[in-house]
Amino acid sequence: MRRRMASTSWASFQVFGVLILCLCFGQTLLFDSQRPGTSTDTSRSNIHSPGCWDSQYVEFHHQTTSKLAEDKTDAGFLIFVCDGGCGGIGDRISGCLSSFFLAVFWHRVFLIEHSSPFVLEDTLVPKDIKWNVPEYVKSLQARELNLIDAPDKKKAVHALKEMHATNVPVIRLKLNRYWLGMLLWETPCDSVHDELHGFAGGMTRLNSSNSCATRSPERKPSHTFAFSFSMLFSFSPTVLQRVQHMRDESSILLGDQYTGIHARFGGTTSASPGSIPWEDPARHDIRDFYKFADCAKEKNSRFVSGQTNMSTPILLFSDNDELKRSAIIKQNKIRTVSSTIFHVDRSTTGDLIQRKQGNIDTYAELAFLSNASCIVGSLSTFSGVAASIGSPLLDCFSLYSSCSDETVDFWDLTESTPKCS
């Protein structure tokens with residue numbers, strides 16, 4: 001049986017600051033120190049507060065992991081595992097952030113074991129907590145649960161609760177999508193007889209203390225998503241260097257406003273010097289791109305301040321090389337960047353060096369897209385992640401097919417959570 005922290009210590013840990021969800025993230029994430037039109041009060045020092053949950057958890061995590069090299073611990077661990085079949089970048093990042101909130105809620109040390117297609121540190125590096133798996137943890141008793149594309153989410157929650165209740169030192173969790181993180185931030189179930197009681201709304205309950213309540217809580221999924229990403233990750237130097245190359249190529253300087261398009265077409269991609277083959281269900285026809293382009297122009301005219309519609313660049317990211325070279329792009333004066341088209345879960349053949357470059361390029365495109373002033377996206381979790389982690393101007397994100405809906409939360413639109421009875 002693992003020792004628990006003293007009740008007073010755990011009580012103080014449960015003091016959750018609602019200020020975590022204010023979403024003043026203009027300076028918290030990437031490489032633009034001040035995004036156009038956003039508040040200047042955006043540093044993480046203004047988000048963190050002594051005694052609030054994030055500072056408490058960072059300290060708990062640091063104290064536990066720093067002693068592992070010299071001493072044993074009775075703390076529990078939750079490891080997000082991606083060793084193949086984890087889905088694309090959007091699926092695996094959203095599953096990872098769900099797992100992080102679960103670790104915080106259960107007071108377990110959160111770690112990441114990501115080996116497919118390459119180690120995660122190639123593209124994302126630890127930020128506020130060191131989530132690399134220490135050697136000592138590998139020797140502990142562990143149980144693994146695979147919830148990739150879980151068909152019955154209530155059963156998935158039941159399996160998680162049962163595993164945690166055994167006090168097993170290490171839980172190894174395979175999970176995609178953000179439904180679990182959303183469930184933890186929903187309104188708690190009232191009935192003690194409900195299967196989800198004590199789990200659904202777990203983060204909401206922990207966040208309800210007034211000790212850190214300097215601002216009203218924002219529980220939109222994209223907001224909780226953004227904050228957890230900003231705690232866990234920075235893009236690696238290699239990725240940021242590749243982003244700079246993309247900026248140079250597209251003539252979009254640091255601080256420039258631009259509208260980004262993510263057009264995920266799917267289908268069969270053939271091997272070529274600029275792409276690594278994979279097969280995926282087709283999602284769009286190239287003719288659909290006119291809707292993407294029209295929506296981007298509308299965003300420019302309505303939301304991007306200080307520049308005219310004609311002068312504000314539109315930058316395309318797509319998994320379709322034919323689209324990037326098509327006349328549609330030239331006619332609409334849309335900019336593109338040269339990159340190796342690659343799917344982190346489906347591109348399994350090809351030269352190792354080319355695959356590594358494709359992996360770097362894909363994360364660089366995510367970073368570059370997320371820093372856009374407005375985003376026109378596909379029904380793809382890659383679009384959802386980009387729209388969440390970069391906090392675009394005025395929540396300026398729309399799906400290409402519903403451009404007039406400017407306040408859409410991608411995760412509310414695409415995820416379903418189990419409901420209280």
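**Sheet pairing and salt bridges**

In the predicted model, threonine 259 lies opposite cysteine 374 of strand 11. Strand 7 (residues 259–263) and strand 11 (residues 374–377) run parallel and are joined by three bridges. Both belong to an open sheet of four strands with parallel pairing, in the order 10-7-11-12. Strand 10 (314–318) and strand 12 (397–399) form the edges; each has a single partner strand, so one side of each lacks a neighbour in the sheet. From one strand to the next, the twist averages 20°. Helix 10 (residues 289–302) packs on this sheet, where it touches strand 7, strand 10, strand 11 and strand 12. The direction of helix 10 makes about 160° with that of strand 7.

The model contains 17 salt bridges. One of them pairs arginine 92 with aspartate 345, with 3.6 Å between the closest N and O atoms. Arginine 92 is in helix 3 (residues 89–106) and aspartate 345 in the loop between helix 12 (327–331) and helix 13 (352–370), so this pair ties together parts 253 residues apart in sequence. Arginine 92 is buried, at 2% relative accessible area, whereas aspartate 345 is partly exposed, at 24%.

A salt bridge also links the side chains of arginine 264 and aspartate 280 (2.4 Å, N to O). Arginine 264 is located in the loop between strand 7 and strand 8 (267–269), and aspartate 280 in strand 9 (residues 278–280), 16 residues apart. Arginine 264 is buried, with a relative accessible area of 11%, and aspartate 280 is buried at 9%.

Arginine 325 and aspartate 321 form a salt bridge of 3.1 Å, N to O. Here arginine 325 is exposed, at 57% relative accessibility, and aspartate 321 is partly exposed, at 28%.

Conventions. Residues numbered from 1 in each chain as written. Predicted model: local features only at pLDDT ≥ 70, side-chain atom pairs only at ≥ 80, totals over all residues. Heavy atoms only, no water. Pairing = 2+ DSSP bridges. Helix = DSSP H or I, 4+ residues; strand = E, 2+ residues; numbered from the N terminus. Axes fitted to C-alpha atoms, helices over the stretch in contact; angles between N-to-C directions. Contact = heavy atoms within 4.5 Å. Salt bridge = Lys/Arg side-chain N within 4 Å of Asp/Glu carboxyl O. Buried < 20%, exposed > 50% of the residue type's maximum accessible area, 1.4 Å probe, protein only.
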